[in-house]
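These are my notebook entries on a protein model. I set down what I looked up, one topic at a time.

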Amino acid sequence: QVHVVETGGGLVQAGGSLRLSCAASGSVFSINTMAWYRQAPGKQRELVAAITRGGSTNYANSVKGRFTISRDNAKNTVYLQMNSLKPEDAAAYFCKAVEYNSVTYTNRDYWGQGTQVTVSS
């Protein structure tokens, strides 16, 4: 079982920065990919950025060059540094930890409760 908790959301002016953190606890040794998603009102949840245990990253086109995902495996924590924020970045941001079962060769997703990011224009 993995427990995921996000922190760091808040209100920021357009052009500003925020740093989100996501801490995983529990069976963390089986976690491979961790990712940030976001969901704005009336829209589907979308992938923002993902990072594997080895450090490979993937970003949504809309955030490339502005957001940076990083990971501290020793602390079981993933970060999302968000710079040059735009009003369209406003959303609830969710962290996902993907647990890999090496016996059944299957993945299981664990989600946090989300943290709100508000960007004023």
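**Entry 1: Overall form**

I began with the radius of gyration, taken over C-alpha atoms and compared with a globule rule of 2.2 Å times the number of residues to the power 0.38. For 121 residues a compact globule would have a value near 14 Å, and the protein has 14 Å, which agrees. I then noted that the C-alpha trace spans about 50 × 25 × 25 Å along its principal axes.

I recorded that this is a predicted model, in which local features need pLDDT of at least 70 and side-chain atom pairs count only at pLDDT 80 or more, while totals for chains, interfaces and linings use all residues. Residues are numbered from 1 along each chain as its sequence is written, and side-chain values use heavy atoms, with hydrogens and water left out.

**Entry 2: Secondary structure and contacts**

I looked up helices (H or I, at least four residues) and strands (E, at least two), which are DSSP runs numbered from the N terminus. The protein has zero helices and eleven strands.

I next looked up contacts, meaning heavy atoms within 4.5 Å. Among the contacts with a separation of 6 or more, 54% are between residues 24 or more positions apart.

**Entry 3: Surface and charges**

I found that 41% of the 121 residues count as buried; buried means under 20% relative accessible area, exposed over 50%, and partly exposed in between (1.4 Å probe, protein chains only). The accessible surface, from the Shrake-Rupley method with a 1.4 Å probe, comes to about 6,500 Å², and 48% of it belongs to carbon and sulfur atoms.

For charges, I counted Lys and Arg as positive and Asp and Glu as negative, without His and the chain ends. Each charge is placed at NZ of Lys, CZ of Arg, CG of Asp or CD of Glu. The mean positions of the 12 positive and 7 negative charges are 3 Å apart.

**Entry 4: An aromatic pair**

I searched for rings of Phe, Tyr and Trp (its six-membered ring) with centres within 6.5 Å; planes under 30 degrees apart count as stacked, over 60 as edge-to-face and the rest as tilted. The count comes to one aromatic pair. The ring centres of Tyr37 and Trp111 lie 4.9 Å apart with planes at 65 degrees, so the pair is edge-to-face. Tyr37 belongs to strand 4 (residues 31–39) and Trp111 to strand 10 (residues 106–111), 74 residues apart. Tyr37 is buried at 17% relative accessible area, whereas Trp111 is partly exposed at 33%.

**Entry 5: Ser21**

I located Ser21 in strand 3 (residues 18–26). Ser21 counts as buried, at 19% relative accessibility. Leaving aside residues up to four places away in sequence, Ser21 touches Val5, Glu6, Thr7, Trp36, Val78 and Tyr79.
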